[in-house]
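Dear colleague,

I am passing the structure on to you below, with the sequence alongside, and my notes follow it. Please read them with the model open.

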Amino acid sequence: MPADTAPKIHALPSRAAPRQPFPFSAIVGQQAMKQAMVLTAIDPAIGGVLVFGDRGTGKSTAVRALAALLPEIDAVEGCPVNSARADQCPDWAQVTSTQIIRKPTPVVDLPLGVTEDRVVGALDIERALTRGEKAFEPGLLARANRGYLYIDEVNLLEDHIVDLLLDVAQSGENVVEREGLSIRHAARFVLVGSGNPEEGELRPQLLDRFGLSVEVTSPRDVDTRVEVILRRDAYETGYDAFMPDWQAADAALQARILAARAALPALKTPATVLHDCASLCIALGSDGLRGELTLLRAARAQAAFDGDATVGRAHLKAVAVMALSHRLRRDPLDEAGSGVRVVRMLDEVLP
Amino acid sequence: MEWDRITLALNVLAIDPEGVKGLWLRARASAVRDRITTALAALPLPLVRLHPGVADDALYGGLDLSATLATGRPVQSRGLLSSPAALILTMAERVPPGLSARLAHALDTRRHCLIALDEAAEDGEGLPAALTDRLGLFVDLDGLAWSDTTDIFMNINTLSKARARLPSVTLPPDAASALTRAAAELGIRSLRAPLLAMAAARALAAHAGRDTVGDNDLQQAAELIYGHRALPLPDATAQDQPEPPPPDPGEDQAQDMEHQAQSIPEEMLVEAARAALPADLLAQLAAGRAARSAKGATGTGAERGGNRRGRPLPSRPGKLGSGARLDLVATLRAAAPWQPLRRRTAPSDAVLLVRASDIRIKRFVEASDRVLIFAVDASGSAAFARLAEAKGAVELLLAAAYARRDHVALVAFRGTGAEVILPPTRSLVQTKRRLAGLPGGGGTPLAAGMQAAMATATLARARGLTPTIALLTDGRGNIALDGSANRAQAEEDALRLARAIRATGMPAVVIDTANRPQPSLAAMARAMDAPYLALPRADARRLSGVLGAALGG
């Protein structure tokens, strides 16, 4: 590059430094996606959400906004795996503090093309080289313990990473046996995935790991689209004026989630609902019993969120599609999608 | 594209790189492209060059191993993404999905802008959709001669003034709605497009020295942002077909039969083909390929040496960098015996004295993904009677490919040429859709179809996939490679290509969809060293037997 065309740096118009993510409540439409995220926030045992759909429909936005809705957790200060009690801290971490602190529920991003080392953890090269110590450098799975693991473009994830995740998700424990290390630590996390089905399918084994699955599409209705654009533009250009109202809405939603969490244990589940769950799953021919369990958990979370004392058929119907559609024995060439089959069965089995 | 509009796009980029996110520049390396990249110096961000193989520690920073070893204390390197920058991505058509996802994330969350230099030459190459959706501007230099262009003068003062004005530029109340509606009408589904258009409109107004966005700005913004996004969907309707060449006298009767078959509903034929095709064709193909492993193909895809993942191989001495991973234990083991000696010659208080010669690099071997390329005859002779059955057969193979996590690609040939309907993908939804919309009619350019299939396969192989070609035709090739209706020439061309496919060593299978098995097609399959399968109205069991024999399994 000749000297006279060397880059000249000019200041950009000043824009606020780090910002909060786009508020969850400000996402227009996409009810199913928002419902699924709220349910999994109420009861993490439901087991995560898979969001599949078109580009630019707010999938990533919703997941990044979810973090603001999640209640804080108690964890031992300085523990790399967010242990709740001092005696649960792994030995290798050499946690000295016994102080319990409150911190936000971890939401950890698992980027595509991530190396195995980064996911499971590896030998701490820095310490090995400089101090000659054999130490473990925890990976993403350690950070995600007791929290959420978010995988964008989950369908493009490389197969060997998927295998690894499946294994850990099944056992709830991360075992590292490599480079002379022998380490294990708890890794219980909720998987949240998003992707675009046009770019590739998801392996059925991984699909099954997600409690709920929702499909999102771009809104077809022009007014909705305009509303989306207006809110996003307000966020981009008028951040300070835009945020307070929506943050208040998010806070209200978080309070409702906390109330639902508290109400969950006392919730009554009549035998008829169990019966409904079972007959629906039998009629759909879903594999295994995970379908029933997820359906029931999701229905209970829905009832708690609605402020009802008893789980009813209405709650079951409200969550059936997202809890079951991805568990059906899939005809890969069925264009209508399995969601339609679930709706049809719902009408037949639970009139 | 006109040079004026390109200049305008560059000005918009220079005024608000963060708002319009970047530029997708589609051009081969040329003097004209250099004129554009030179103009990028006016961007208010430092220019940072990236290449498709850029490693994570270069992007995000990390421990600088060489420096750490040399100094004996941890030396951290700074990542390219750690501060706002104009990222210039060279050879953007070869960006792997992992990198494109990272860059997409960087564009979403940080104050970067990306200039993607896309040098795509072949169909099927190109910038990943995750990036094309996010980058606001697009410039294509195709067909632009040097004489049409001038040096781009970016007026630094004007740009600085425009940038200072930008925060105060307001949009008229209905602008957002108008831009969104326009996008919807153009069939642009992504909601990022209207947002980018709004940013561009603001930058244009600031450039013109106005405080309010005018109609003219909106129009220009729509041109810049929507122009390349409003691509029509690949149309599935049949177009006007040139008349198929005059059939051979012997074909008359067959043609009559084909016309009668036309009245049968397509679904029925799809079902019929489902029943007629052995379900385990793919499995058998794989078995056949294993038998042909002398040609370099194996049942699970060819192995290739890599240095990042896969099954580990013994480590070997090497140099750090270019994504290589250090085998620490082996390195330490190599260094250990020399410690006392080194301590004597070079007194140091470091715990460990490691020299470059000790460094051991990890090596892995991984199996590459496989891709199944369907070359489907959609000519008039095939279309009426057998196209639906061929589609059924492909669907059946697709279902098997899905179960095996293979990629699939679709090439159709009819009329005077062949077309890659779908580049290699794992998306069944898309394949199914394109397949359903595949129109039929016209002559049978068999040679052109084989050529396109071979090109797709070669491209896939260059990308590290292991291709297999499945050719579905009724074998009556009557259009030569040059598009002329010369039957003799057509057959010679097809035979030539069959030999060429054999020479590449790529596994293939020929499926005959004619009413009666074609001896000429069987001969061609032999020339291709590919198993030959007739798919007449035979029962599934017999076909399965034939298939088993053909594949030597």
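A contact, as the word is used in this email, means heavy atoms within 4.5 Å. This is a predicted model, in which local features need pLDDT of at least 70 and side-chain atom pairs count only at pLDDT 80 or more, while totals for chains, interfaces and linings use all residues. Residues are numbered from 1 along each chain as its sequence is written, chains are lettered from A and ligands numbered from 1 in the order in which they are written, and side-chain values use heavy atoms, with hydrogens and water left out.

The two chains

Among contacts in chain B between residues at least 6 apart in sequence, 77% join residues at least 24 apart, and for chain A the corresponding share is 74%. Chain B holds 22 helices and 16 strands, and chain A has 13 helices and 11 strands, where helices (H or I, at least four residues) and strands (E, at least two) are DSSP runs numbered from the N terminus. Of the 553 residues of chain B, 53% are buried, and of the 351 residues of chain A, 50% are; buried means under 20% relative accessible area, exposed over 50%, and partly exposed in between, with a 1.4 Å probe and protein chains only.

On a 1 Å grid over the protein atoms alone, a pocket is an open set of points with protein on both sides within 12 Å along at least five of seven lines, and lining residues have an atom within 4 Å of a point; the volume is the space filled by probe spheres set on the points. The lining consists of 29 residues, of which A:Pro44, A:Ala45, A:Gly47, A:Phe189 and A:Val190 lie nearest the centre. Elements of chain A that each supply at least two lining residues include β7 (147–152), α6 (159–171) and β10 (189–195), and α11(A) gives the most, with 4 residues. At least three lining residues come from each of domain 1 (26–216) and domain 2 (265–349) of chain A.

Individual sites

A:Ser60 belongs to helix α2 (residues 59–66) of chain A and, with a relative accessible area of 12%, is buried. Neighbours within four places in sequence aside, A:Ser60 is in contact with A:Tyr150 and A:Asp152.

In chain B, B:Met528 lies in helix α21 (residues 519–528) and counts as buried because its relative accessibility is 2%. Beyond four places in sequence, B:Met528 touches several residues, including B:Met450, B:Leu471, B:Ile501 and B:Val510; B:Val510 is 18 residues away in sequence, and the C-alpha to C-alpha distance is 9.0 Å.

In helix α9 (residues 175–185) of chain B, the buried residues include B:Ala176, B:Leu179, B:Thr180 and B:Ala183. What covers the buried residues of α9(B) includes α8 (222–237) of chain A, together with α10 (192–207) and α11 (215–226) of chain B. Just after α9(B), B:Gly187 takes a positive phi of about 80 degrees.

With best regards

Definitions and conventions
1 Å grid on protein atoms, 1.4 Å probe; cavity = no way out; pocket = protein on both sides within 12 Å on 5 of 7 lines; lining within 4 Å. Domains from an automatic or database assignment.
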